[in-house]
Amino acid sequence: MIIEIMDWILLGLLQQKSEIIKGIFLYLIGRYWYIICYIPLIALQPFINQMLLELSLKQHKILCLLSICIFTIVPTIMNQDYFGLKQGYSFGWLLICYVIGGYLKRREGMKSQDIDNKYLLVFLICSFLLLVSKLINYNFIEYTSPITLLMAIILLLYMKNIKVNKGKN
């Protein structure tokens with residue numbers, strides 16, 4: 001009886017210790033991937049920003065287009081993750097999205113046309129393409145898919161123009 005109680009207590013302590021260790025090192029078991037990728041991005045942000053600002057707007061655009069071709073279009077067509085982007089769950093993909101976001105921010109000050117309705121139309125077309133690709137068993141739903149990336153960019157561009165009024169209803 002005493003041995004059983006000791007086993008129960010020790011087993012409980014070992015399980016608690018195991019849970020504590022898992023809680024501390026969640027990134028080792030693949031949880032909270034975004035936080036684990038975001039921490040180095042924040043640490044490198046001043047250097048990345050400086051490098052991006054050294055590029056002309058045209059060079060930054062070329063960098064974005066090359067990144068989209070190399071890291072989204074080719075791997076999606078070939079159905080192969082050549083660069084270890086883990087379907088978008090990686091530091092590399094977060095960095096690519098950061099570079100694209102930086103380009104969109106730099107273009108923000110430029111004269112823009114009122115094309116909100118076009119954004120919505122393209123978003124609906126992309127949604128339809130995602131549905132069709134799922135029906136024919138070709139998966140464009142991954143984060144690194146060109147269609148998913150285009151939809152994310154469209155949502156960002158559309159939502160940035162929404163004005164939220166502060167105050168009472």
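Please keep in mind that the model is a predicted one.

Let me begin with the total: six aromatic pairs are present in the structure. Two of the residues involved are Y34 and Y38, whose ring centres are 5.6 Å apart. Their planes meet at 20°, and planes under 30 degrees apart count as stacked, so this pair is stacked.

Where do Y34 and Y38 lie? Both belong to helix α2, which covers residues 33–54. They are four residues apart, and that is about one turn of the helix. As for accessibility, Y34 is partly exposed, with a relative accessible area of 39%. Y38 is likewise counted as partly exposed, at 35% relative accessibility.

I turn now to Y89 and Y143. The centres of their rings are 5.2 Å apart, and the angle between the planes is 55°, so this pair is tilted. Which parts of the chain does the pair tie together? Y89 sits in the loop between α3 (57–78) and α4 (91–107), while Y143 sits in the loop between α5 (116–135) and α6 (146–159). The pair therefore ties together parts that are 54 residues apart in sequence.

Are these two residues buried, exposed or partly exposed? Y89 is partly exposed, its relative accessible area being 36%. Y143 also counts as partly exposed, with a relative accessibility of 41%.

Thank you for your attention.

Methods
Residues numbered from 1 in each chain as written. Predicted model: local features only at pLDDT ≥ 70, side-chain atom pairs only at ≥ 80, totals over all residues. Heavy atoms only, no water. Phe/Tyr/Trp six-rings, centres within 6.5 Å; stacked < 30°, edge-to-face > 60°. Helix = DSSP H or I, 4+ residues; strand = E, 2+ residues; numbered from the N terminus. Buried < 20%, exposed > 50% of the residue type's maximum accessible area, 1.4 Å probe, protein only.
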